[in-house]
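Let's take a walk through this fold together, one spot at a time. Have the coordinates open and follow along.

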Amino acid sequence: MVSPSPASPVEFAGIGRAFAAPRRKAAASPSRTVLRDVSLTIDAGEVVAILGASGCGKSTLLRIAGGLDAPTTGAALIDGTPVAGIDARCAIGFQEPRLLPWRSLADNVALGLPRGLDRAEGAERVARLLDLVGLGASAALRPREVSGGMAQRASLARALARNPGVLLLDEPFGALDALTRLRMQDLLLDVHAAAPTTILLVTHDVDEALQLADRIILLGGENGRDGATIRRVVAVPGTRPRDRGSAALAELRAELLDGLGIDRHGRALDDLHSSTIPVFPY
């Protein structure tokens, strides 16, 4: 077993983020507002998923939580302390595994260990994490010798190696095939049960959010105002692991899709096209 991580509460207090426009457009619009007045408290050990249209600022909010970006207004806090620069209390998992190809899986996971950790303790932690994600027998293999799902499991283990208080996941399973993605979702639930850190997950997949999250945050715009804000906070009923065929989850899925501008038949609603949110790669 992996020692329980020191799960930390997270708070977004009036977060706003604007980006400077490219020089050729600066005269017409000096800045682009992506996020506006985002306020949210996430309890220690909670799993929260962020949903929203492409370009609405989901990844930007995640980066602000980890100190990879700074808000234009407001503040992000972990354990009540403002985030200022890259925060050692957080670990980040990305859509791509981003493993070093010349290192073994074990050596890649070891890159996530905190500095100053005793070598023997570090090796023991890496071994425990590899066992937790089902890669104990593959520790000596290199990334080119394993599947995409195995590489993503190694990436998750690397993020957990620092025993983070907050785990930030940005579309971590988006590049995987459907079956592997479902298996990775189940694995994340197993990992969270063994080491219940706070998890903030960005995803475009409504079903993934319903399966993994305690609460779902729907980001979006409001008519006549720039930038996305929290339009709805949804508490997901039932305990994990949830029944993917649940009628209650199916109804909630339809409501969330409607909030994203998609009707029950998968067609875009008219109000999606009239959204005031500009689409930026943030």
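Is P164 buried or exposed? At 2% relative accessibility, P164 counts as buried, where buried means under 20% relative accessible area, exposed means over 50%, and partly exposed is anything in between (1.4 Å probe, protein chains only). A word on ground rules before going on: this is a predicted model, so local features need pLDDT of at least 70 and side-chain atom pairs count only at pLDDT 80 or more, while totals for chains, interfaces and linings use all residues. Residues are numbered from 1 along each chain as its sequence is written, and side-chain values use heavy atoms, with hydrogens and water left out.

Back to P164, which you'll find in the loop between α4 and β7 (166-170). Helices (H or I, at least four residues) and strands (E, at least two) are DSSP runs here, numbered from the N terminus. The C-alpha atom of P164 sits 9.7 Å from that of P114, and these two are 50 residues apart along the chain.

Now zoom out for a moment. The protein has eight helices and ten strands, and buried residues account for 49% of its 282 residues. Take the contacts (heavy atoms within 4.5 Å) between residues at least 6 apart in sequence: 69% of them join residues at least 24 apart.

Leaving out residues up to four places away in sequence, I50 touches K58, L61, L200, L201, V202, T203, I217 and L219.

Next, a helix pair. The axes of α4 (residues 148-160) and α5 (residues 178-194) come within 11 Å and cross at roughly 25 degrees. Those axes are lines fitted to C-alpha atoms, for helices over the stretch in contact, and the angles run from 0 to 180 degrees between N-to-C directions. α4 and α5 are therefore roughly parallel to each other; angles under 35 degrees get that label, while over 145 is roughly antiparallel, 65 to 115 roughly perpendicular and the rest oblique. Who does the touching? On the α4 side the contact uses G149, Q152, R153, L156 and L160, and on the α5 side T180, M184, L187, L188 and V191. Sorted by type, the residues of this contact come out as six nonpolar, three polar and one charged. In that scheme Ala, Val, Leu, Ile, Met, Phe, Trp, Tyr, Cys and Pro are nonpolar, Asp, Glu, Lys and Arg are charged, and the others, Gly among them, are polar.

A salt bridge here is a side-chain nitrogen of Lys or Arg within 4 Å of a carboxyl oxygen of Asp or Glu, and the whole structure holds 14 of them. One of them pairs R181 with E208 at 3.0 Å, N to O. R181 lies in α5 and E208 in α6 (residues 206-212), so this pair ties together parts that are 27 residues apart in sequence. Both R181 and E208 are buried.

Another one links R240 and D214, with the closest N and O atoms 2.6 Å apart. Here R240 lies in the loop between β10 and α7 and D214 in the loop between α6 and β9 (215-220), so the pair ties together parts 26 residues apart in sequence. R240 is partly exposed at 26% relative accessible area, and D214 is partly exposed as well, at 25%. Salt bridges that share partners also join E171, R181, D205 and E208 into one network.

Stay with R240 for a backbone detail: a cis peptide bond joins R240 and P241, with omega about -5 degrees. P241 is in the loop between β10 (229-235) and α7 (247-259).

D37, in strand β2 (residues 31-42), has a phi near 50 degrees, a positive value in a residue other than glycine. D37 is partly exposed, with a relative accessible area of 46%. D79 is not a glycine either, yet has a positive phi of about 55 degrees. Its spot is the loop between β4 (73-78) and β5 (81-82), and at 44% relative accessibility D79 counts as partly exposed.
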